[in-house]
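This report looks at how two parts of a protein chain meet. The structure is shown first, and the description follows.

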Amino acid sequence: MISTTLKTVETLDAVVLGAGFAGLAMLHKLQNKLGLKAKILDKAGGVGGTWYWNRYPGARSDTESWVYCYSFDATLYREWKWTERYPRGSEILSYLEHVADRFDLRKNIMLNTLVTKAHWNEQIERWDIETAQGDRFSAKYLITGLGILSAANKPKFKGEENFKGTILHTANWPTTPVDFTGKRVGVIGNGSTGIQVMAETSKIAKELVLYQRTPQYSVPARNHPIDPAFLDGIADNLDGYFDRVRRSATVFAFEEATKGAMDVSPETREAVYEKAWQDGGGFNFMFGTFNDIAVNRESNATACDFIRKKIAEVITDPVKCELMTPTDLYARRPLCDNHFYEAINQDNVRVLDIKKHPIIEFTDEGIRTAEGEVKLDYVIFATGFDAVTGNFVRIDFQGRNGLKMSDHWANGPRAFLGLSAAGFPNMFSLYGPPGPFTNQPPAIEWQAEWVSELIKNMMDRSVSMIEATPEAEQAWLDECISIEGQTLFGKIDWWVSGANIPGKTKAVSFYMGGFGEYMKHATACAANNYDGYIQSGARTAMAAE
Ligand code: NA7
């Protein structure tokens, strides 16, 4: 049983929420660069964030490993040798555990610690933080690294309690492996998670049934082992390499396209798509082929046609092929897979269209739709996340004058640079909304450095409080809305707008102007004495002083 006895308040310079890529980078900067008293609090039983929870079979990053990592330490980069183009979830988890050890972070990480509230204390200009176990902290700075894809979305179906098999959710996977050999497995959802878990499970399950609402566009990942010498080559020019990566829009390793799909002949277009198909990678296909697939409907249609044609080449069963062929825009997060369509083609795999015949109920033996009952041993929910804001509204954040984050964000997230919500002084959200939409680790570590420089600057000038102005917050949101309006990403319903959660207000949650442009905004803000923030003088001393 959780004890809720309140304990003595621990006074810190900073509390960091979350021990994933963001939290670890931030703690490293605070603890090892600035010498502050800082602590990470995380409800998980280990470090790793997303990669602690998402241990389902087939879990991988679909970003190339050599840019799905930190670049802030050249020795770390040189020492850690990724083994595959797309790192397995377990390998990423080991990497983050290694980082926690290597930079001596564990001494300031409290695990199994669920933060329930964080209130701004006006009198002393500090954050009062409490956990479910009754731990209490007073911190000058509150920095969140909560992740935009971490609050699981678990839709509820009638009769689930009667099901005698096992129900699993990919985002809350057991720490002990689950063996699906010879089992009957149902999977609900075919986003980037669903296609990974299905490709892997189809190899051993007796039967695999996909309960599909919307078919997706996916391209091959073309995973392969990597030569350590290749990684050494990057390490030799680490700053230059990551500088190029970060100046791009998407923060991936590939070169982004500079031409539109309609600017070339049909033959050239076909050849460009074919090359990308052979090279592999979803983001590469969307952003490395042509520069207007995500903004121009005509160009988008050419990519759709190409992928549909490829799906038809792989899935030879005509019924399955029709079910798996998407008809809407290619404007969700681009997917890539490890032989997903080949898996669908197998005899032990069935696809049920639950848009046409929705799930009626779970029975004691399986799932019933209008097409009948299917008997199952396991049902895997790969139904994604209450993305972006999910974790922010689960914690009772209260800023100035008791302003609740859940009220401030009732119509969607708003925060200057995605980092600072007006009314929430000395609080910074790494990779928070509305912020960049990119490959995350190199973007996150850049933001962590930016925040640490801001804190250093405040300390140097004896500034005790900094807060984004409502005007700066609004102007930033307007810019995000304007840019997203020029893309196709907001034209379909998916997690980026919150449309995947029934009843959630649809909103613009990202800055789609590219990370290179994002850095220019944030750098200009800092260079102009943190233009967009109001600052006030020293009222409380730092705990470390
Ligand atoms: P996604 O991409 O949100 O996919 C969730 C899937 O679950 C998708 O196929 C949904 O169908 C389906 N879904 C969600 N709710 C239901 C209900 N109620 N009934 C049936 N099917 C449902 O989540 P992922 O975990 O795959 O990936 C999220 C991100 O994590 C990904 O973009 C990566 O960046 C990492 P729909 O398409 O809405 O019809």
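The domain bounds used here come from an automatic or database domain assignment. The model is predicted. Its chain is divided into domain 1, made up of 9–47 + 105–151 + 387–544, and domain 2, which covers 160–381. Taken over C-alpha atoms, the centres of domain 1 and domain 2 are separated by 31 Å.

The size of an interface is often given as the accessible area lost when the parts come together. Between domain 1 and domain 2, about 1700 Å² is buried, and carbon and sulfur atoms account for 69% of that area. On the side of domain 1, Leu488, Phe489 and Ile492 lose the most area to domain 2; together they make up 36% of what that side buries.

The table lists the counts for this interface.

| Item, domain 1 with domain 2 | Value |
|---|---|
| Polar contacts (both residues at pLDDT 80 or more) | 9 residue pairs |
| Salt bridges | 1 salt bridge |

One salt bridge is found across the interface of domain 1 and domain 2. Arg246 and Glu445 form a salt bridge in which the closest N and O atoms are 3.0 Å apart.

How values were computed. Residues numbered from 1 in each chain as written. Predicted model: local features only at pLDDT ≥ 70, side-chain atom pairs only at ≥ 80, totals over all residues. Heavy atoms only, no water. Buried area = accessible area lost by both parts, 1.4 Å probe. Salt bridge = Lys/Arg side-chain N within 4 Å of Asp/Glu carboxyl O. Polar contact = N/O pair within 3.5 Å; in protein donor to acceptor, adjacent residues only side chain to side chain.
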